[in-house]
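I have a new structure open and want to get my bearings. These are my notes on what I looked up, entry by entry.

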Amino acid sequence: MSGVLIVGAGLAAVRTAEQLRRNGFDDPITIIGAEEHPPYDRPPLSKQMLRGEVDSVALKPVEFYEDNQIALRLGCPARAVDVAGHTVELADGQVLGYDQLVIATGLVPNRLPALGDLAGICVLRSLDDCVALRDRAATARRAVVIGAGFIGCEVAASLRGLGVQVTLVEPQPAPLAGVLGERAGALIARLHHGEGVDVRTGVAVDAISGGDGVESVTLSDGSVIAADLVVMGVGSRPASDWLTGCDVDVADGVVCDAVGRTSAPDVWAIGDVASWRDASGTQIRVEHWSNVADQARTLVAAMLNLEAMVSPGVPYFWSDQYEVKIQCLGRPRAGDTVHVVEDDGRRFLAYYERDGVLVAVVGAGIPEKVRTARAGIAAGVAIADVLQPV
Ligand code: FAD
């Protein structure tokens, strides 16, 4: 009666369990979670939850787990897998058997230990992080957000919404430059600038100073910024340390084939922690919400040997900053040629070209035009056809 054991109680765990039941799997399903909270959704943590606009981010009501006979064992992380014995050991010493194991442990936020750990330095990955940051923000006047990736940009926008002065510091030439390229990044910098954020690019943080709490931040160009709150949005790493020495291949995430199978028999991985092989044979780890549902359909189809092959959709993610929804379809890469085809000073639309083909679109505040580009990206249309439609 071992059934499927899912380690990690986040979106990927819930989507996997949901797909298993939807496809008629009726053996036991158990979800192991390190946190005390039932599975919850992370996107609102940097948006509505941080701004105090919602007070629940639960992914499902409790009845969902009861009705679908999905057992939740929360508040105790897994610490090892015995691949040969088909068991998982929890931090409290309990040992659970499995027929199939799904690793869905997500990410751990990076910190910059050289900058110390004064009170008022926050990260944002979990619900507890969000509550701690929201409490700090309630009395903060000046915040420095280190790192202008998605989390940093969204936190900067939410803190502005709460009336906090914000300086956004990014070593790259523009916010989100690593993901969307410098051209789109500059348009996002303009959006933040227009909302009163002091955007500092091309500089790093050298030191955080203070006594009982944060008082100032020193940048690599020598400038000193007064601050009573610092948010480190400096990326995350796969939560895979617990697999060390467990005969499951890990290399920037749990290494999987194109359907989520790991190097170990009857062990699968999904979500932010998993590095899946794509159609070109490249290992890719995606840290976005929509990807999880696509992977769950694919993984469960493979696990249950279902006939229907699931084809991956066009990759998609979004980010909400102020009232602007930034959306990306496809997978932009450094080196793509970027064509900004619409720009009203706030909202914009950009097409990404590689080898003469439309490979991605990024829109800010123009959802209908982003949607329209999906078929063209899937079909690999020539960029010339998109730029000069007949
Ligand atoms: P997670 O949601 O991180 O879940 C993993 C769970 O595993 C965690 O609860 C963790 O506590 C648990 N765990 C870890 N180690 C263990 C262990 N050893 N044993 C047991 N449990 C363990 N994506 C978008 O596309 N758009 C957005 O706007 C967006 N906003 C976001 C905002 C924030 C603040 C964050 C953090 C993420 C955002 N994302 C967004 C990304 C999206 O939320 C993730 O892609 C998604 O949560 C991945 O789900 P997951 O289940 O793989 O990982």
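**Ground rules.** Helices (H or I, at least four residues) and strands (E, at least two) are DSSP runs, and I number them from the N terminus. I am working with a predicted model, where local features need pLDDT of at least 70, side-chain atom pairs count only at pLDDT 80 or more, and totals for chains, interfaces and linings use all residues. Residues are numbered from 1 along each chain as its sequence is written, and side-chain values use heavy atoms, with hydrogens and water left out.

**Gly3.** I began with Gly3, which sits in the segment before strand E1 (4–7). For burial I use relative accessible area: buried is under 20%, exposed is over 50%, and partly exposed is in between (1.4 Å probe, protein chains only). Gly3 comes out at 2%, so I note it as buried. Contact here means heavy atoms within 4.5 Å. Setting aside neighbours within four places in sequence, I find Gly3 in contact with Asp27, Pro28, Tyr98, Asp99 and Gln100. I also checked Gly3 against Ser319: they are 316 residues apart in sequence, and their C-alpha atoms are 37 Å apart in space.

**Helix H1.** Next I looked at H1, residues 11–22. The expected span of a helix is 1.5 Å times one less than its number of residues. H1 has 12 residues and reaches 16 Å from first C-alpha to last, close to the 16 Å expected. How much of H1 is covered? I count 11 of its 12 residues as buried, so I wrote "mostly covered". Among the elements that cover these buried residues are E1, strand E2 (29–33), helix H2 (62–67) and helix H6 (289–303). Just after H1, I see Gly24 with a positive phi of about 85°.

**Helix H4.** I ran the check again on H4 (residues 150–161). Its 12 residues should span 16 Å, and the end C-alpha atoms are 17 Å apart, which agrees. Since 9 of the 12 residues are buried, I call H4 largely enclosed by the rest of the structure. The buried ones include Phe150, Cys153, Glu154 and Leu159. Their cover includes helix H3 (127–139), strand E10 (142–146), strand E11 (165–170) and helix H5 (177–194). Gly163 follows H4, and its phi is positive too, near 85°.

**Thr167.** I stopped at Thr167, found in strand E11. Its relative accessible area is 8%, so it is buried. Leaving out neighbours within four places in sequence, Thr167 touches Ala143, Val144, Val145, Asp198, Arg200 and Ile225.

**Cores.** A nonpolar core is a set of buried Ala, Val, Leu, Ile, Met, Phe, Trp, Tyr and Cys residues joined through side-chain atoms within 4.5 Å. The largest one has 52 residues, and Ile6, Val81, Val88, Leu101 and Ile103 touch the most other members. I followed up Val88: beyond four places in sequence, its contacts include Leu5, Val7, Ala78, Gln94, Tyr98 and Leu101. A second, separate core has 46 residues, including Val57, Ala148, Leu159 and Ile326.

**Cysteines.** How many disulfides are there? I count a disulfide when a pair of cysteine sulfur atoms lies within 2.5 Å, and by this rule I get 0. The sulfur of Cys76 has its closest cysteine sulfur in Cys246, 15 Å away, so it is too far for a bond. For Cys130, the closest is in Cys122, at 10 Å, which is also too far. Cys76 is buried at 14%, and Cys130 is buried at 0%.

**Ligand.** I count a residue as near a molecule if one of its heavy atoms lies within 4 Å of it. That gives 31 residues around the ligand, the closest being Ala12, Glu35, Arg42, Lys47 and Arg125. From the ligand side, an oxygen atom is 2.8 Å from a polar backbone atom of Ala12. An oxygen atom of the ligand is also 2.7 Å from an N or O atom in the Arg125 side chain.

Most residues other than glycine have a negative phi. Asp247, not a glycine, has a positive phi of about 60°. It lies in the loop between strand E17 (236–238) and strand E18 (254–255). Tyr322 also has a positive phi of about 60°, in the loop between E22 and strand E23 (324–330). Which of them is buried or exposed? Asp247 is exposed at 62%, while Tyr322 counts as buried at 19%.

Key:
Polar contact = N/O pair within 3.5 Å; in protein donor to acceptor, adjacent residues only side chain to side chain.
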